[in-house]
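The sequence and structure come before the text.

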Amino acid sequence: MPNSTPNRPLADQVAWVTGSSRGLGRVMAQELCQLGARVALHGTRFDSPMTFGEGGTMTQIAEEMAAACNGETMATWGDVTQEAEMSRVAGEIRKHWGQIDILVCCAGGDIGAGGTAVGRGGRPAADDCLNISLADLQSVMDRNLLGTMLCCREVAPEMMERKSGRIITIGSIAGCYGRPYGAIYAVAKAGVHSWTRCLAEQLRPFNIPVNCVAPGGTVTERFLRIHEVDESRLVEEGTLDRYGRPSEIASVVGFLCTEASRFISGQVIRVDGGGQTFPC
């Protein structure tokens with residue numbers, strides 16, 4: 001990274017952040033842009049930012065982010081569950097910037113087959129092990145686990161060839177314990193955790209750290225819409241017994257993209273204020 005500086009340690013790096021049209025993913029993308037990376041933002045559709053009123057188009061938010069961070073961005077969109085779509089998006093990024101140095105797999109969520117317009121932000125109604133519909137089960141598994149797999153499979157080979165790169169998946173503390181509701185999301189994120197560890201082992205000889213960040217409850221527009229929110233946990237300071245903020249997750253992602261984390265790999269890092277302290 002010849003042009004990196006202490007304030008912009010990711011200068012000359014190209015980052016692709018899936019699921020960055022809104023919420024956590026967008027804040028992660030902004031963190032990397034502020035650290036100097038050229039960032040490819042990604043949503044399912046051209047107008048994905050409009051889903052929960054967090055913007056207009058992918059192009060608009062990319063332009064606004066570039067201006068705010070004095071950086072470079074580009075807008076991409078496509079379905080992470082479709083291999084051809086992810087190959088196309090990755091190809092667009094390479095055509096624009098030459099290569100992909102950092103992959104952050106943030107696309108996911110407990111969203112059923114009907115999409116975010118159904119029910120409470122798309123969350124399946126019968127969201128347990130036995131009663132969830134097969135269509136909703138498949139949707140949640142594909143959005144989280146299959147999408148992560150496809151994006152990693154698209155980007156890892158070029159990193160292996162160069163013997164450099166960073167891959168960060170986004171899991172969840174839900175994947176670290178059993179629960180009766182939100183069960184399929186928990187299973188999907190547990191799968192992301194295991195995929196991350198397996199991929200990390202495979203890429204060790206190629207000098208590519210692969211890690212997973214597993215947030216706890218974090219305040220985003222969708223989070224506020226789909227959960228029964230404990231108002232007392234909306235405070236932002238004075239206690240760790242509270243909901244997290246997107247910037248607190250993004251700062252860990254940013255760290256894992258820098259040289260300071262070069263010997264950390266295969267880890268599932270829970271960012272939840274110590275809500276889970278048991279071994280995982």
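## Basis

The model is predicted, and local features need pLDDT of at least 70, side-chain atom pairs count only at pLDDT 80 or more, and totals for chains, interfaces and linings use all residues. Residues are numbered from 1 along each chain as its sequence is written, and side-chain values use heavy atoms, with hydrogens and water left out.

## Nonpolar cores

In soluble globular proteins, nonpolar side chains tend to be buried together. A nonpolar core is here a set of buried Ala, Val, Leu, Ile, Met, Phe, Trp, Tyr and Cys residues joined through side-chain atoms within 4.5 Å. Buried means under 20% relative accessible area, exposed over 50%, and partly exposed in between (1.4 Å probe, protein chains only). The largest such core holds 31 residues, and Trp16, Ile93, Leu103 and Ile167 have the most contacts inside it. Two or more residues each come from strand 1 (14-18), helix 3 (83-97), strand 4 (102-105), helix 4 (134-162), helix 5 (183-203) and strand 6 (210-215). Helix 4 gives the largest share, six residues. Helices (H or I, at least four residues) and strands (E, at least two) are DSSP runs, numbered from the N terminus.

Contact means heavy atoms within 4.5 Å. With neighbours within four places in sequence set aside, Ile93 is in contact with Val14, Trp16, Ala40, Met74, Thr76, Gly98, Gln99 and Ile100. Another core, of 30 residues, lies apart from the largest one; Ala29, Ile170, Val213 and Ala250 are among its members.

Thr51 is found in the loop between strand 2 (38-43) and helix 2 (58-69) and is partly exposed, at 24% relative accessible area. A polar atom of the Thr51 side chain lies 2.8 Å from the backbone oxygen of Ser48. This is a polar contact, a pair of N or O atoms within 3.5 Å; within protein, one must be able to donate a hydrogen and the other to accept it, and residues adjacent in sequence count only if both atoms are side-chain atoms. Not counting residues up to four places away in sequence, Thr51 touches Arg22, Arg45 and Thr116.

Ser139 belongs to helix 4 and counts as buried, at 12% relative accessibility. Its side chain reaches the backbone oxygen of Ile111 at 2.9 Å. Beyond four places in sequence, Ser139 touches Ile111, Gly112 and Ala113.

## Aromatic rings

Rings of Phe, Tyr and Trp (its six-membered ring) pair if their centres lie within 6.5 Å; planes under 30 degrees apart count as stacked, over 60 as edge-to-face and the rest as tilted. The whole structure has two aromatic pairs. Phe46 and Trp77 are edge-to-face, 4.8 Å centre to centre with 70 degrees between the planes. Phe46 lies in the loop between strand 2 and helix 2 and Trp77 in strand 3 (residues 73-77), so the pair ties together parts 31 residues apart in sequence. Phe46 is partly exposed at 37%, and Trp77 is partly exposed at 31%.

Phe223 and Tyr243 are also edge-to-face, at 5.1 Å and 70 degrees. This pair links helix 6 (residues 221-226), which holds Phe223, to the loop between helix 6 and helix 7 (246-257), which holds Tyr243, 20 residues apart. Phe223 is buried at 13%, and Tyr243 is buried at 7%. The charged end of Arg233 sits over the ring of Tyr243, 4.7 Å from its centre; the rule asks for NZ of Lys or CZ of Arg within 6 Å of the ring centre and within 35 degrees of the ring normal.

## Salt bridges

A salt bridge is a side-chain nitrogen of Lys or Arg within 4 Å of a carboxyl oxygen of Asp or Glu. The count comes to 15. Within helix 3, Glu92 and Arg88 lie four residues apart, about one turn of the helix, and their side chains meet at 2.8 Å, N to O.

Asp110 and Arg123 meet at 3.1 Å. Asp110 is buried at 6%, whereas Arg123 is partly exposed at 25%. Glu228 and Arg120 meet at 3.3 Å and link parts of the chain 108 residues apart. Glu228 is exposed at 68%. Shared partners join Arg94, Asp101, Glu154, Glu158 and Arg162 into one salt-bridge network.
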